[in-house]
Amino acid sequence: MISIRRKPQEAGLTRFHRAREAARQGVEMCRQSATTAAERIGPAAGERIMVVRGWSAPRLRRAARYVETGLAPRVSMFLSDAAHKVEPPKREKPGRGPLMAMLGAVMAVGVAGAIATRRGSLRDMTGGSGEHAGDATSADAMTVSGADVDGQVHSPQ
């Protein structure tokens, strides 16, 4: 038979306290050693950092030039090509040819109607006979210039 005996509570606490105290002492010793090492290594590390910075600066400049002149245009072209491939095809718009033809036909009909209307009104002014056909243009000129049939200009009253 197995017996489960518990140790007294005080014995467990004293072991825990001893372990915690040992850990505190270890941390304090590590802190002192690290401080001493940092004081000793600090100046040499500062010099090495300056050497490394001097070595890396020209390489960074060269890399920046390459990105600007060589890599960026390639990436830009790649992205532009990808955008063209992804973009949906444009819908075909109806051509303007039939629209312009229809507009021209409507204008021609309108002009023809205006001419027919004007000719009809000129016939009514001349009395409808064909003998005064030449006078129609002079009557037209008469209304524009303000002269009467004899060519005499009268002032408005």
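Reply: Helices here are DSSP runs of at least four residues, numbered from the N terminus. On that basis, H1 covers residues 9-86, and within this helix Glu-21 and Arg-24 are three residues apart, which means that about one helical turn separates them. The model is a predicted one, and the side chains of Glu-21 and Arg-24 meet in it as a salt bridge, with 3.5 Å from N to O; this value falls under the cut-off, since a side-chain nitrogen of Lys or Arg has to lie within 4 Å of a carboxyl oxygen of Asp or Glu. The two partners fall into separate accessibility classes, because buried means under 20% relative accessible area and exposed over 50%, with partly exposed in between: Glu-21, at 38%, counts as partly exposed, whereas Arg-24, with 51%, is exposed.

The structure holds two salt bridges, and the other pair, Glu-28 and Arg-31, also lies in helix H1, with three residues, or about one turn of the helix, from one to the other. Here the side chains meet at 3.3 Å, again taken from N to O, and Glu-28 is partly exposed at a relative accessibility of 36%.

A nonpolar patch on the surface is made up of Tyr-66, Val-67, Leu-71, Val-75, Phe-78 and Leu-79, which together have about 560 Å² of accessible area. One of its members, Leu-71, has its place in helix H1 as well; with a relative accessibility of 34%, Leu-71 counts as partly exposed, and it therefore passes the limit of over 30% that patch residues have to meet.

As for the setting of this helix, the protein chain has three helices and zero strands, so that the pattern read along the sequence is α-α-α.

Across the protein chain the mean pLDDT is 79, with 71% of the residues reaching 70 or more. Among the elements of the chain, H1 has the highest mean pLDDT, 88, while helix H3, residues 135-145, has the lowest, 52. Where pLDDT is low, predicted coordinates should not be read in detail.

Definitions and conventions
Residues numbered from 1 in each chain as written. Predicted model: local features only at pLDDT ≥ 70, side-chain atom pairs only at ≥ 80, totals over all residues. Heavy atoms only, no water. Helix = DSSP H or I, 4+ residues; strand = E, 2+ residues; numbered from the N terminus. Buried < 20%, exposed > 50% of the residue type's maximum accessible area, 1.4 Å probe, protein only. Patch = residues over 30% accessible without salt bridge, like charges linked within 9 Å, V, L, I, M, F, W, Y side chains within 5 Å. Areas by Shrake-Rupley, 256 points an atom, 1.4 Å probe, with all protein chains shown as cover. pLDDT = per-residue confidence, 0-100.
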